[in-house]
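Reader: I would like to learn how to read a structure like this one. Where should I start?

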Amino acid sequence: MSETNAEKIVFKRPDSLLPVITNYCPGCPHGIVNRLVAETMDELGIEGKTVGVCPVGCSVMAYKFFGCDMIEAAHGRAPAVATGAKRVNPDNVVFAYQGDGDLASIGMAETVHAATRGEHISVIFINNAIYGMTGGQMAPTSLPNQVTQTSPYGRQVSSAGYPVRVCELLATLDGPAYIERVCVDTPAHVRQAKKAIRKAFQNQIDGIGYSFIEVVSTCPTNWGMTPQDAFAWMRENMLPYYPLGVYRDVVADGYANAAEAAAARAADCPIATQGGAR
Amino acid sequence: MAEKVLMKGNEVLAESAIRAGCRFFFGYPITPQTELSAYMAKRMPKEGGTFLQAESEIAAINMVYGASASGARVMTSSSSPGISLKSEGVSYLAGADLPAVIINVMRGGPGLGSIQPSQSDYWQATRALGHGDFQMVVYAPSTVQEMADYVYRAFDIADKYRMPCMIMADGMLGQMMEPVELRERKTDLPAKPWATTGHQHKREHNVANSLYLTAEELDRLNHERFERYEEIKATEQLSEQYLCEDADIVVVAFGASARIARNAVRAAREQGVKVGLLRPITLWPFPVDAVRATIPQAKGYLCVEMNMGQMVEDVRLAVEGQAPVEFFGRTGGVIPTPNEVLENIIALNEKVGE
């Protein structure tokens, strides 16, 4: 082995991730996704102008992990907090990092309305179908018949209703520019997730619009499985319910941004096509 | 001297906020603060500012939280039921030491209550707008001019002490038109080195946060915050005294009910009753010093409020049992008449004169 090869750094902690110990459980994919977000900041050279908003949930302490400026939001309110931050400093890059209980239950109103306003923010959504931080309660995305602490006989859809497919829901709105669902169980999937996250940030920089990346994830601790078994369970049960893929991409559809795509969709509505304030 | 203009209270709150440097307003429709939001919607785009109608009061106050963390002068307004919804965000503002101005144009409660004027959110504003140990500076204007003056001041106080400040108006003051002299536009706003504006690799990362999982750390921060509150109590109490120097009876009233009480005091003076009006302008910090100054002279106190008796407890705490403190109030949007107040003054005067 030559000396040059020995010195070549092929992998390191991203600069935008602070050298601290996280509070994530062993085998938790949060660590991977935190890294992907930090790598994105490094690669785009935006750590200095990025403001992250972290939620209530397992990533509640993420303000200690990311090197950019951080705001800790109340439960579910990250999109509203991010809206305030972005409106004040529109040249900053603002992202919200949220789990399923935070984003799709208590914060569903904030989620939907930030999306439909087309806020120029990037939302990273970790969906592991359970409330991890509080010890494994049923989440809005828990699957039918999934056993959790608060669905001990399995999620009964007759009384607890059905899981929310957030990407599909948000894709009906005009506000979002880009919506993709990814996962991080294999190197190939991690690379795809990274690409999606990077695109979500790039869209914001380019003024294309609101971007939403759902990462289908696991919770080995509260699922009561090894990390590898958890990924297998995720592949077997979650991916059929939450299919990976792009749910909206206005640029791929041939539009310059979300506003143009929305205008095209409303082309037959006279009032919607009138320009400017009267 | 600036020109006087005739304006509605709710609109003055908005205009004065803009002049104080507020460029971000997040709100949600509710009566009777309506004109305030409408004014902001019209004016903010012309000021290069942001008016955003949020999806809920909860979202609005959290937008305030994000904007405040990002260094802006920011305001939200609502009326009583909407303020209840904002209480979560106000607690987080206090816990993260973030400045903001919150307007409550009070209406009757509890529940949906009424859309008529009320003062029944006194306890909420001064005791418990949200969970946890915290206070807000609360101003209670009683004229349209004071609405202009105190919203203007509230932004400075909020920034100075890094805390939420509230203006307690009510449906009567909000709808009232009076001549008002507006302040000059503020251009020199305080620097906020703590704000989450992006560190540009020039400083450590800033964090806006209210979470402290180490008991000792949270304990220390709460004590630090309350030391700041002690400073505020010592320096920020505001009140007005009217004919209090020789008063046997001191009427204590704030906001709209103080306007009525003043008429009743004047009428009682004409009947030879030695009565004065003490009008708290800050509800927190409560003007304890001003109340205590009246104790050597006063034989009795009458608290007049548009509620079932809330501020009267603070008056009693200040008077410390040294004179009787009585209460007269109307609720539900019923505004006390000067005659009703006068009758209560005369009755108390007879009682303490015996």
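Author: What follows goes through the domains, the sheet, the core, a helix and the chain contacts in turn. Keep in mind that this is a predicted model.

Reader: Into which domains is chain B divided?

Author: Chain B has domain 1, residues 4-235, and domain 2, residues 239-353. Their C-alpha centres lie 28 Å apart.

Reader: How many residues of domain 1 of chain B are in contact with domain 2 of chain B?

Author: On the domain 1 side there are 25, and they meet 22 residues of domain 2. Elements supplying at least two residues each to the domain 1 side include strand S6 (137-139), strand S7 (164-170) and helix H8 (215-235) of chain B. Helix H5 (122-126) of chain B gives the largest share, four residues. By class, this side of domain 1 has 14 nonpolar, nine polar and two charged residues.

Reader: Next, the sheet. What is the order of the strands in the open sheet of chain B?

Author: Seven strands are arranged as S3-S2-S4-S5-S7-S6-S13, and the pairing is mixed. Read the ends of that order to find the edges. Strand S3 (50-53) and strand S13 (282-284) of chain B each have a single partner strand, so one side of each lacks a neighbour in the sheet. Ignoring direction, neighbouring strands are turned by 20 degrees against each other on average.

Reader: How many bridges join strand S4 of chain B to strand S5 of chain B?

Author: Four bridges link S4 (residues 74-78) and S5 (residues 100-106) of chain B, and the two run parallel. For a specific pair to display, take B:Thr76, whose bridge partner in S5(B) is B:Ile102.

Reader: And the core: what is the general idea?

Author: In soluble globular proteins, nonpolar side chains tend to be buried together. Here the largest nonpolar core has 194 residues, and the members touching the most others are A:Val215, B:Val101, B:Val151, B:Ile167 and B:Val251. Helix H6 (residues 144-161) of chain B contributes the largest share, 10 residues. Both domain 1 and domain 2 of chain B supply at least three residues each to this core.

Reader: Which residues does B:Val251 touch?

Author: Leaving out residues up to four places away in sequence, B:Val251 touches B:Ala261, B:Val265, B:Val275, B:Leu277, B:Leu302, B:Val304 and B:Ile345.

Reader: How should I read a helix? Is helix H1 of chain B mostly covered or mostly uncovered?

Author: An α-helix has 3.6 residues a turn, so residues three or four places apart point the same way. Burial can then be checked residue by residue. In H1 (residues 9-19) of chain B, 10 of the 11 residues are buried. Among them are B:Val12, B:Leu13 and B:Ile18, together with B:Asn10, B:Glu11 and B:Glu15. After H1(B) comes B:Gly21, with a positive phi near 100 degrees.

Reader: Last, the two chains. How many residues of chain A are in contact with chain B?

Author: From chain A there are 28, in contact with 34 residues of chain B. Strand S1 (50-54), strand S2 (69-72), helix H3 (78-88) and helix H5 (108-116) of chain A each supply at least two residues to the chain A side. H3(A) gives the most, eight residues. The chain A side divides into 14 nonpolar, eight polar and six charged residues.

Reader: In what sense do strand S2 of chain A and strand S9 of chain B pair?

Author: S2(A) and S9(B), residues 207-208, pair in the parallel sense over two bridges. A:Ile71 has B:Ala208 as its bridge partner in S9(B).

How values were computed. Residues are numbered from 1 along each chain as its sequence is written. Chains are lettered from A and ligands numbered from 1 in the order in which they are written. This is a predicted model: local features need pLDDT of at least 70, side-chain atom pairs count only at pLDDT 80 or more; totals for chains, interfaces and linings use all residues. A nonpolar core is a set of buried Ala, Val, Leu, Ile, Met, Phe, Trp, Tyr and Cys residues joined through C-beta atoms within 7 Å. A residue is buried if 20 or more other C-beta atoms lie within 10 Å of its own, exposed if 12 or fewer, and partly exposed in between; C-beta atoms are placed from the backbone. Domain bounds come from an automatic or database domain assignment. Two residues are in contact if their C-beta atoms, placed from the backbone, lie within 7 Å. Two strands pair if DSSP finds at least two bridges between them. Axes are lines fitted to C-alpha atoms, for helices over the stretch in contact, and angles run from 0 to 180 degrees between N-to-C directions. Ala, Val, Leu, Ile, Met, Phe, Trp, Tyr, Cys and Pro count as nonpolar, Asp, Glu, Lys and Arg as charged, and the others, Gly among them, as polar.
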